[in-house]
Amino acid sequence: MFSQKLAEAVEFLKAGEIGIAPTETVYGLFGDANNDSAIKKIYEAKGRPSFNPLISHVSSIGMAEKLAEFNETAMILANYFWLDKAQPLTLILKKRRGAELSSLLTAGLDTVAIRIPMHSIAIELIDKFGGALAAPSANKSMSISPTTINMALSDLADAVSFALDGGACNVGLESTIVDVSSGGIRILRPGYVSQESIEDVLKESVPPCQHTGIIAPGMMKRHYSPKLPLRLCAHEPYPGEAFIAFGKTDVSPDANLSESGALEEASRSLYKTLKELDVPEKFKGIAIMPIPNVGIGVAINDRLTRAAARDTAK
Ligand code: TXA
Ligand code: MG
């Protein structure tokens, strides 16, 4: 049954259509990375500005090497995080001359974002399709990334030709993005792969992710954005606020990201919880307890800070 659905999805992709499929981080909106018309459909469906490039998803380092140039740092990171650890890391690399990639996907840049998604459905989709697939998160621009098929469908049902259900995403936050295109290394977006783990592998210090403006074209300050105002580091709700706890609390919360205070559990449940409580008819705002700023907590706090920002300027 499912293999039939997957085969149909591959046929849609070959015909330049787009659809939803799971990855280990969040659900993606997939299309042929080398087909202008498919890439246009992705931008349109998301309402995403065309200057904000997409990630190319591949199923092997060999496939990535056809699209981009790997320097030594890039190869160490790919071998370790993609092959050994199977963890979500996106590499920004120099685009290879003549790479079979739509110029709309890279938004005209001479670099390209690439990752191997660690989810059997995404990998099978790429392998059966036989080429790289573009996939941003399967949500409308500015709304919360989906970690279940229903969250993705609530934004994009009308825009897609297929939707593959792979259950709830294991990681729940988008991949860590590092730019290794010009010798050094810069973390552009924190994620499950932490600064410390990158330092351990490279045996050199790596600066933390800095939000000093738009480094990647799409790195607007306000990005992951609920409708209700979000109040961070709260210890109890104000009247009318929904209250999200982390760990033990004296106040009875509307949701608890992890009663035992486990950061990985919190990252898995964060987006779904925000989406469920983002009900202006019911609440005036959302208050959330402090999240320790270590390991994947850095990525959780990055997303929360963006969700709490009310301006779109940076
Ligand atoms: O976990 C993920 O990365 C998910 C799943 C579906 O793979 N994808 C995802 O894609 O989060 P998206 O489009 O929502 O975010 C990709 C980010 C954007 O902020 C974009 O600006 C940045 O990657 N990006 C893409 N190409 C880039 C490039 N050449 N240089 C700098 N940033 C780039
Ligand atoms: Mg996104």
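Me: Before we get to the ligand, what counts as a strand here?
Reply: Strands are DSSP runs of at least two residues, labelled E and numbered from the N terminus. Keep in mind that this is a predicted model.

Me: Good. Which strands supply at least two residues each to the shell around ligand 1?
Reply: Three of them do: E3 (55–57), E6 (111–115) and E10 (186–189).

Me: And which gives the most?
Reply: That would be E6, with 3 residues in the shell around ligand 1.

Me: Which residues come nearest to ligand 1?
Reply: Out of 25 residues around ligand 1, the nearest are Thr-25, Arg-48, Asn-52, His-57 and Ser-175.

Me: How does that shell divide into nonpolar, polar and charged?
Reply: There are 13 nonpolar, 8 polar and 4 charged residues.

Me: What lies 2.7 Å from an oxygen atom of ligand 1?
Reply: A polar side-chain atom of Arg-48. Ser-137 also has a side-chain N or O atom 3.1 Å from a ligand 1 oxygen, while Thr-111 places one 3.0 Å from a nitrogen of ligand 1.

Me: Then how much of ligand 1's accessible area does the protein cover?
Reply: The protein covers 97% of the 680 Å² that ligand 1 has on its own.

Me: Switching topic: which residues have the most contacts inside the largest nonpolar core?
Reply: Leu-77, Trp-82, Leu-91, Leu-125 and Ile-198, in a core of 65 residues. A separate core has 26 residues, including Ile-144, Ile-244, Phe-283 and Ala-307.

Me: What does Leu-91 touch?
Reply: Leaving out residues up to four places away in sequence, Leu-91 touches Phe-70, Ala-74, Leu-77, Ala-78, Trp-82, Val-112, Ala-113, Ile-114, Val-178 and Val-180.

Key. Residues numbered from 1 in each chain as written. Chains lettered and ligands numbered in written order. Predicted model: local features only at pLDDT ≥ 70, side-chain atom pairs only at ≥ 80, totals over all residues. Heavy atoms only, no water. Near = heavy atom within 4 Å. Polar contact = N/O pair within 3.5 Å; in protein donor to acceptor, adjacent residues only side chain to side chain. Areas by Shrake-Rupley, 256 points an atom, 1.4 Å probe, with all protein chains shown as cover. Helix = DSSP H or I, 4+ residues; strand = E, 2+ residues; numbered from the N terminus. Nonpolar A, V, L, I, M, F, W, Y, C, P; charged D, E, K, R; others polar. Core = buried A, V, L, I, M, F, W, Y, C linked by side-chain atoms within 4.5 Å. Buried < 20%, exposed > 50% of the residue type's maximum accessible area, 1.4 Å probe, protein only. Contact = heavy atoms within 4.5 Å.
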